[in-house]
Amino acid sequence: MNENKILLNSVAMNEFEDEIEKIENTATSRINATPDNASHGLAKLVLTLIELIRKLVEKQAIRRVEGGSLSDDETERLGETLMKLEMKMEELKKTFNLTDEDLNLDLGPLGDLM
Amino acid sequence: MLFSLLSLILIAIELLNSLTVKKIIYAIIASNQSHTELSDLLKGVQGISGSTLYALSFNDISVAVSDFTSSKFTMNKEVAIDFARVIEELSESVTLLPIRFGTFLKSDEIINQLLVKHYDSFLQNIKQVENKYEFGLKVFWDYEKCSEQIRVKLESEDVKASDYFSTNTIHTDYLLSKIKKHRLEAALLKYVEQLIEEISQYLAQINPDCKFKKMVTNTIILDAVFLVEKNKKDEFIQTIEVIKQQNADLNLLLTGPWPPYSFVDIVID
């Protein structure tokens with residue numbers, strides 16, 4: 001960033017650079033679409049949508065548990081399913097070399113997907 | 001198999017695109033001056049990668065354009081910075097609405113149609129940003145330290161397994177950890193919302209247009225943009241300094257003045 005644009009800064013420069021790098025990495029992966037990384041981009045898109053659905057399911061499940069409307073058996077099965085789902089997602093993220101920060105979409109004026 | 005097929009389709013589309021000369025558009029400009037004066041102004045600013053800028057006009061608005069052959073350029077960070085440089089230089093002389101980086105159209109005719117179709121929206125948006133600067137404010141915190149403080153505050157109402165489950169298994173433990181995580185996230189979000197409320201109250205006299213993005217990363221808890229009248233610039237900066245003094249735990253980064261990147265609300269179809 002042009003230094004004369006910085007009007008006030010109490011952020012340690014290394015911390016600032018780390019955070020900007022994180023944001024830039026997300027943007028760069030969007031800009032540099034090449035034949036070599038097209039399938040990686042598709043995997044990222046698909047996993048992002050799956051992660052969104054997983055988080056929605058998790059939120060709904062927690063609401064149900066907190067509401068006390070589930071039997072012991074249902075709670076047990078729900079816990080087991082959510083746990084397996086999260087483990088499976090971790091496996092897939094490792095396979096495609098993706099991090100949690102990668103699994104998001106910039107929806108322009110609407111903000112980020114997650 | 002499906003990925004390979006989709007990849008090939010993407011490659012084919014990319015190849016087709018690279019063979020076409022397009023127009024890249026930079027900004028919608030409020031042009032009170034004559035077409036000749038505007039053309040002279042644009043001649044003094046180089047487009048991306050050394051291309052020549054020219055203007056297309058309709059009534060009192062114009063658009064800054066240059067030719068773009070995608071086979072000649074790679075769309076990367078350097079080109080994006082160069083694109084921002086063009087908008088920055090133009091904004092020093094005219095009121096403008098920056099166009100999102102990477103907006104291409106096929107021909108001058110299509111651009112003219114666009115100006116006619118969106119004329120009223122462009123004019124209205126130009127009036128909104130006229131004589132105003134955009135400023136960006138990023139608020140950082142020490143995630144570990146601050147989330148721990150909030151976690152401690154939550155301890156008093158800490159949830160126990162027995163509140164929800166009559167049995168205790170690995171799966172109920174997992175659900176309990178998720179409940180705690182969601183409660184912490186809700187508390188962090190509430191903290192950020194209170195901060196937004198505080199900033200808005202401090203800035204009430206200056207009355208800028210504001211947009212807030214919460215929890216951009218674990219460390220950047222707030223990414224805000226403000227549209228401030230040019231004659232209130234100093235007052236705005238001083239107020240942000242006061243906010244910083246009142247929130248010693250937070251780190252602030254204030255930047256600007258910028259062209260009104262975040263206050264163009266027109267979607268071109």
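**View 1. Chain A from end to end.** Starting at the N terminus, the elements of chain A follow the order β-α-α-α. That makes 3 helices and 1 strand; helices (H or I, at least four residues) and strands (E, at least two) are DSSP runs, numbered from the N terminus. This is a predicted model, in which local features need pLDDT of at least 70 and side-chain atom pairs count only at pLDDT 80 or more, while totals for chains, interfaces and linings use all residues. Residues are numbered from 1 along each chain as its sequence is written, and chains are lettered from A and ligands numbered from 1 in the order in which they are written. Of the 114 residues in chain A, 7% are buried. Here, buried means that 20 or more other C-beta atoms lie within 10 Å of the residue's own, exposed means 12 or fewer, and partly exposed is in between, with C-beta atoms placed from the backbone.

**View 2. Helix H2 of chain A.** H2(A) has 30 residues and reaches 44 Å from its first C-alpha to its last. That is close to the 44 Å expected at 1.5 Å a residue, where the expected span is 1.5 Å times one less than the number of residues. Which residues of H2(A) are buried? They are Lys44(A), Glu51(A) and Val65(A). Their cover includes H3 of chain A, together with helix H7 (161–164) and helix H8 (170–202) of chain B. Just after H2(A), look for Gly68(A), with a positive phi of about 70°.

**View 3. Where chain A meets chain B.** The contact takes 32 residues from chain A and 36 residues from chain B; two residues are in contact if their C-beta atoms, placed from the backbone, lie within 7 Å. On the chain A side, strand S1 (6–9), helix H1 (13–31), helix H2 (38–67) and helix H3 (72–95) each supply at least two residues. S1(A) also pairs with strand S9 (residues 251–258) of chain B, in the antiparallel sense over 3 bridges; two strands pair if DSSP finds at least two bridges between them. In this pairing, Ile6(A) stands opposite Thr255(B).

**View 4. Strand S8 of chain B and its neighbours.** S8(B) (residues 220–229) is largely enclosed by the rest of the structure, because 7 of its 10 residues are buried. Strand S6 (residues 132–140) of chain B pairs with S8(B) in the antiparallel sense over 9 bridges, and Val139(B) has Leu222(B) as its bridge partner. Strand S7 (residues 209–214) of chain B also pairs with S8(B) in the antiparallel sense, over 6 bridges; here Lys213(B) stands opposite Asp223(B). S7(B) and S8(B) form a hairpin with 5 residues between them. In the turn, Met215(B) has a positive phi of about 45°.

**View 5. Nonpolar cores.** The largest nonpolar core has 25 residues, and Tyr26(B), Ala27(B) and Leu97(B) are among those with the most contacts inside it. Such a core is a set of buried Ala, Val, Leu, Ile, Met, Phe, Trp, Tyr and Cys residues joined through C-beta atoms within 7 Å. Elements giving two or more residues to this core include strand S1 (21–30) and helix H3 (77–91) of chain B. S1(B) gives the most, with 6 residues. Apart from this core lies another, of 21 residues, among them Phe140(B), Trp141(B), Ile199(B) and Phe236(B).
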